[in-house]
Amino acid sequence: MRVAAFAKAPVAGSVKTRLAAELGAEGAARLASALALRAVATAIEAGVGPVELWCSPDARHPFFESCARRFGVALRVQSGDDLGARMEHAADDAIARHSPIIVIGTDCPALDAATLRAAAVQLRGHDAVFVPAEDGGYVLVGLSKGIPGLFAGIEWGGSGVMQATRERLVHARARWLELDPLWDVDRPEDYARMRREGLALEMDP
């Protein structure tokens, strides 16, 4: 079992842009860094297998290098024209090494180690496991085998991602399980919810 955390380099003006009006571009970038740190720490805490940080656009940003030093995680580079192609590349890489894989984003501070462990357990009896997102996407996908076409032709970032994925799973006759939905931090109201629910992040000054 491998856990792949997908993250973008926290460059001001290119991450968490919908929060820049409230936090400023630099503040939004610091939030992105803090969310990524929490995601990697959670993946390690879960203890289900080696954790890899899949970086975009490359692994040379100092933040990624600091994560590798701090957590001892392997840095990998995302490859593909869209999110689906990048996830498929990571999944194919793991499955070629005879390893199931759990892919997580770094936008969901509500994702905890217990949920990751539950996903890993369920992968023993399913082809795929998902944690849907309340906005219609998903915050975790686990695969115990390749499912052709699973990530193809999906409008990433839209509200129909999980439903489109379900249709592909049905078409592939895959056995899958969905855990309880969680929520991402993308918009000002999400940020307010995060603070209201007391989800602590390690934020630089």
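Predicted model: local features only at pLDDT ≥ 70, side-chain atom pairs only at ≥ 80, totals over all residues.
## The largest pocket

The largest pocket has a volume of about 1,200 Å³. Its lining is made up of 43 residues, and those closest to the pocket centre are Lys-16, Leu-83, Asp-107, Asp-184 and Asp-186. Sorted by class, the lining of this pocket holds 21 nonpolar, 10 polar and 12 charged residues.

Several helices and strands take part in the lining. Those that give two or more residues to the largest pocket are the strands β1 (2-8), β4 (101-104) and β6 (138-143), together with the helices α1 (20-46), α3 (83-96) and α6 (188-196). The biggest share comes from β6, which gives four residues to the lining.

## The cavity

How many cavities of 30 Å³ or more does a search of the whole structure find? The search finds one. The largest cavity has a volume of about 70 Å³. For the reader new to such searches, rolling a probe the size of a water molecule over the atoms shows where empty space is left.

The residues that line the largest cavity are Leu-35, Arg-38, Ala-39, Thr-42, Ile-104, Gly-105, Thr-106, Cys-108, Pro-109 and Leu-111. Of the elements, α1 gives the most to this lining, with four residues. By class, the cavity lining divides into six nonpolar, three polar and one charged.

## Helix α1 against α2

Helix α1 packs against helix α2 (residues 62-71) at an angle of about 30 degrees, and the two axes are 12 Å apart. The angle is under 35 degrees, so α1 counts as roughly parallel to α2. The crossing of this pair is right-handed.

On the α1 side, the contact is made by Ser-33, Ala-36, Leu-37, Val-40, Ala-41 and Ile-44, and on the α2 side by Phe-63, Cys-67, Arg-70 and Phe-71. These residues of the α1 and α2 contact divide into eight nonpolar, one polar and one charged.

## Helix α1 against α4

The axes of α1 and helix α4 (residues 113-122) come within 8 Å and cross at roughly 55 degrees. The crossing of α1 and α4 is right-handed.

In α1, the residues Thr-42, Ala-43, Glu-45 and Ala-46 meet Ala-113, Leu-116 and Arg-117 in α4. By class, the contact of α1 with α4 has four nonpolar residues, one polar and two charged. Thr-42 of α1 takes part in this contact and is also one of the residues lining the largest cavity.

## Helix α1 against α6

Helices α1 and α6 pack at about 55 degrees, with their axes 13 Å apart. That angle makes α1 oblique to α6. Is the crossing of α1 and α6 left-handed or right-handed? The crossing is left-handed.

Glu-22, Leu-23, Leu-31 and Leu-35 of α1 make this contact with Pro-188, Tyr-191 and Met-194 of α6. The contact of α1 with α6 has six nonpolar residues, no polar ones and one charged. Leu-35 belongs to the α1 side of this contact and is also among the residues that line the largest cavity. Both α1 and α6 are listed among the elements that give two or more residues to the lining of the largest pocket.

## Backbone features in two loops

Two loops carry backbone features to note. Ser-56 and Pro-57 are joined by a cis peptide bond, with omega about 0 degrees. Pro-57 is placed in the loop between β2 (51-56) and α2.

The other feature is at His-98, where phi is near 60 degrees, a positive value in a residue other than glycine. Where does His-98 lie? His-98 is in the loop between α3 and β4. Both α3 and β4 are among the elements that give two or more residues to the lining of the largest pocket.

Technical notes:
Residues numbered from 1 in each chain as written. Heavy atoms only, no water. 1 Å grid on protein atoms, 1.4 Å probe; cavity = no way out; pocket = protein on both sides within 12 Å on 5 of 7 lines; lining within 4 Å. Points joined across faces, edges and corners; volume = space filled by probe spheres on them. Nonpolar A, V, L, I, M, F, W, Y, C, P; charged D, E, K, R; others polar. Axes fitted to C-alpha atoms, helices over the stretch in contact; angles between N-to-C directions. Left-handed = near helix turned anticlockwise from the far one by under 90°. Contact = heavy atoms within 4.5 Å. Parallel < 35°, antiparallel > 145°, perpendicular 65-115°, else oblique.
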